[in-house]
Structures are given as structure tokens and as C-alpha cells.
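Trainee: Could we go through this model together, one question at a time?
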Amino acid sequence: MTHEAGIPLGIRFRLLSDTPQDSAAQVVSDVVVGDYRDLDTLRAFAQGCDVITFDHEHVPTEHLRALEADGVPVRPGPDALQHAQDKGVMRARLDAIGVPCPRHRIVSDPDDVAVFAAEGAAAQGGGDGFPVVLKTVRGGYDGKGVWVVRSVAEAAEPFRAGVPVLAEEKVDFVRELAANVVRSPHGQAVAYPVVESRQVDGVCDTVIAPAPGLDPELALRAEEMALGIAKELGVIGHLAVELFETRDGRILVNELAMRPHNSGHWTMDGAITSQFANHVRAVLDLPLGDPRPRAKWTVMSNVLGGDYPDMYSAYLHCMARDPQLKIHMYGKDVKPGRKVGHVNTYGDDLDDALERARHAADYLRGTITE
Ligand SMILES: Nc1ncnc2c1ncn2[C@@H]1O[C@H](COP(=O)(O)OP(=O)(O)OP(=O)(O)O)[C@@H](O)[C@H]1O
Ligand SMILES: [Mg+2]
């Protein structure tokens with residue numbers, strides 16, 4: 001989708017891909033198949049590139065530092081990106097710059113979790129301090145690497161991977177929000193409207209832009225917070241700030257992503273400039289495009305891999321039913337629960353847009369047949 005945004009600008013992409021079948025490798029013509037964890041591979045790949053950016057956060061920080069030392073522009077750079085790679089680094093930095101987060105601490109074993117829970121119980125003035133959320137600090141995505149544990153006995157599993165574990169209070173949130181911003185090397189920055197992100201089983205299911213009924217002051221605070229984080233951390237490109245809206249009207253940061261993000265997929269059809277177009281512009285230090293919405297409401301629903309129907313007949317049905325529907329499929333192998341595409345709907349009536357997105361996502365997934 002980033003490549004798609006670069007095509008009208010005549011920007012040439014070279015892709016480092018794990019396999020020739022990866023989604024982007026199916027559409028980019030200049031593909032290097034190789035391991036992003038291998039520095040020699042990265043160095044050879046970077047030869048002749050004007051700038052390097054990412055569609056995931058897992059390239060080792062030290063390799064990115066080596067590329068920078070070689071004189072390769074890496075955007076976002078490792079100093080910024082480490083806050084999206086490591087949830088422990090992220091929490092420490094957000095604390096230091098005064099950004100509100102859930103109560104948290106790095107824990108080293110289940111006994112440590114018991115202490116963390118006891119502190120929570122004391123702070124709440126009762127209970128046993130559980131449930132506690134445990135997260136491996138690196139390598140998680142789509143809820144993998146996140147556990148909600150209800151007792152010390154349940155707390156053993158997250159430590160098995162041998163990766164440091166972050167404990168967090170389980171936030172009693174009203175809903176999840178996301179603030180998406182883009183920042184360029186010039187320091188120009190734009191903010192998309194704050195969206196509501198609905199998760200099912202720890203995976204993003206639907207995003208509504210803008211977040212319905214959000215107090216305008218809270219929305220402004222969230223946008224300013226995201227712009228502030230982008231500036232403080234020196235982010236170049238797209239920054240998604242995942243947020244919790246609490247029952248008592250606060251916003252807390254869940255985590256950061258430094259790349260075009262699922263909570264910004266609605267912008268492809270719902271904003272004047274998409275997150276992908278603005279990410280490309282930012283990475284190239286071009287003036288950023290207008291982030292404002294095109295419609296009163298835009299709804300994005302993910303298509304999760306399931307029992308796949310015949311794609312052609314699914315398209316026939318969905319397109320005939322809803323001529324305004326926008327379908328984006330990724331060409332991914334289907335695995336249960338995997339995000340294999342998304343749909344966008346928009347209009348003046350939120351319930352209608354939600355129903356159309358839900359229908360199309362379910363139909364493309366094969367869970368409904370009419
Ligand atoms: N402290 C918390 N309190 C309550 N719920 C939480 C907490 N942390 C995470 N969650 C829930 O778990 C989901 C996944 O957590 P998180 O975003 O940290 O994981 P991830 O797997 O790295 O992210 P992603 O799904 O965005 O790739 C959140 O969207 C939220 O629904
Ligand atoms: Mg998340």
C-alpha cells in the first residue's frame with residue numbers, strides 16, 4: 001500500500017522481503033529476498049537506495065545504527081524506532097516526557113508479578129490486584145505476546161520466551177482510540193482525526209473515523225499528545241499512538257507504531273491524503289498532504305482469514321450490493337485470524353457505514369453467505 005501511494009509520484013521502490021510471496025513482493029518489481037536480521041543483507045540492499053523505511057518494526061536496532069553509520073538515511077531512525085520496537089523502552093521514555101500511561105513495571109518472574117499486583121491492590125484500596133497484563137517487550141503483534149493473567153499461577157507462561165516482560169495494570173477502558181500523525185525531517189507535522197479502534201480477541205476489527213462522540217477537548221489533547229511524542233522522539237514518517245479512553249475521562253497511551261498503521265487504513269478512501277501517501281512524503285522530506293476526512297464518517301473493517309470463499313463470486317456479491325464499497329485485499333496466504341485485507345465504507349450515516357463494512361468483511365471472510 002506504501003508502494004501504491006508512491007506510484008503516482010514516480011517513486012521507485014526496492015523491497016527487502018522475507019519470501020517472494022510476501023504481499024509487497026507480489027507488486028514491487030525490484031525485490032531482494034533476504035533476512036532483515038542479517039546486517040550484510042541489509043548493507044547490500046541499502047546500496048543505491050536514497051532512503052530506507054519500514055512496514056514493520058522488527059529490523060534490529062543495532063543494524064539500523066550500522067546503516068546510519070554507513071551514511072544511509074533511515075527514516076524513522078533507530079533512536080526513534082526503538083520506542084516502537086521495545087515496549088519497555090517506550091514506557092520509560094513516555095514516563096520521562098510526562099505522557100500518561102497505565103501503571104507498569106518490568107518484571108523478572110511470577111513472584112515479581114505478585115509484588116506488582118499487591119501494589120495495585122494497595123493503590124486501589126482493595127482486591128488482589130489482578131488481573132494484570134503481561135507483555136513481552138519485543139516481537140509482539142496482533143495480541144501475540146500479550147497475556148491477561150488472573151493469578152500468580154497463570155503468570156509463568158510469558159517468561160518462557162526468555163524475553164523481558166512488562167507488567168501493566170489492566171486498564172478499565174471505555175474504548176480504545178488511536179491518534180495518527182505524520183512528521184517530516186523539516187519538522188512539519190499533520191494530525192489525522194482521532195479514531196475509535198474496536199478489538200476482538202486482542203486484534204483490531206473495526207476503526208471508526210472520527211471517534212464517535214469523543215469530547216472535542218479530549219480529541220485535541222490526544223492529537224497534541226501524539227504530535228508532542230513525534231517531536232520528542234524525533235519520529236520521521238507515520239506515528240500511530242494507540243490509546244485507552246478511561247471511564248474517568250483520561251487518555252492513556254497503550255503503545256506506539258512508527259509506520260502506516262491499521263488504525264489509519266481508513267485514510268486510503270476517507271482522507272484527502274492517505275497515511276501511506278503522507279508517510280512517503282515525510283520519508284522523502286516533501287511537504288505533507290492534507291489529513292482531513294472526505295466524509296462525515298469512514299469505517300474500516302479488517303478481513304480476517306477464515307474459510308475462504310471463491311474470491312470472484314465474493315467480489316461480485318459485495319460490489320453489486322454496495323457500489324461505494326472500497327476493498328483492499330493483500331494477496332496473503334489465508335490463515336485463521338490473520339489480517340488478509342480490509343474494506344472501507346463512508347457516508348453521513350454511521351450505522352449504515354458500520355453495517356456495510358461489517359457485511360463486506362464477513363462476506364469476504366466467508367462467515368456469511370448473503
Ligand atoms: N494495560 C492494558 N489494559 C487493558 N487492556 C490492554 C492493556 N494492554 C493491552 N491491552 C489489550 O490488548 C491489545 C493488544 O495489546 P498491545 O497493543 O500492547 O499488543 P500488540 O500485540 O503489540 O499490538 P497490536 O495488536 O497493535 O499489534 C490492546 O489493543 C488492548 O485491547
Ligand atoms: Mg496494539
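Mentor: Gladly! One cut-off to begin with: a residue is exposed when its relative accessible area is over 50%, buried when under 20%, and partly exposed in between. Keep in mind that this is a predicted model.

Trainee: Is D248 buried or exposed?
Mentor: D248 forms a salt bridge with R250, with 3.1 Å between the closest N and O atoms. The relative accessible area of D248 is 54%. Exposed means over 50%, so D248 is exposed.

Trainee: Where does R247 sit, and which residue has a side chain joined to that of R247 by a polar contact of 3.0 Å?
Mentor: R247 is placed in the loop between β11 (237-246) and β12 (251-257). Leaving aside residues up to four places away in sequence, R247 touches D172, F173 and V174. The polar contact of 3.0 Å joins the side chain of R247 to that of D172.

Trainee: Which helix holds both R356 and D352?
Mentor: R356 and D352 form a salt bridge, their closest N and O atoms being 3.1 Å apart. R356 counts as buried at 10% relative accessibility, while D352 is partly exposed at 35%. They are 4 residues apart, about one turn, and both lie in helix α11.

Terms used:
Residues are numbered from 1 along each chain as its sequence is written. Chains are lettered from A and ligands numbered from 1 in the order in which they are written. This is a predicted model: local features need pLDDT of at least 70, side-chain atom pairs count only at pLDDT 80 or more; totals for chains, interfaces and linings use all residues. Side-chain values use heavy atoms; hydrogens and water are left out. Helices (H or I, at least four residues) and strands (E, at least two) are DSSP runs, numbered from the N terminus. Contact means heavy atoms within 4.5 Å. A polar contact is a pair of N or O atoms within 3.5 Å; within protein, one must be able to donate a hydrogen and the other to accept it, and residues adjacent in sequence count only if both atoms are side-chain atoms. A salt bridge is a side-chain nitrogen of Lys or Arg within 4 Å of a carboxyl oxygen of Asp or Glu. Buried means under 20% relative accessible area, exposed over 50%, partly exposed in between (1.4 Å probe, protein chains only).
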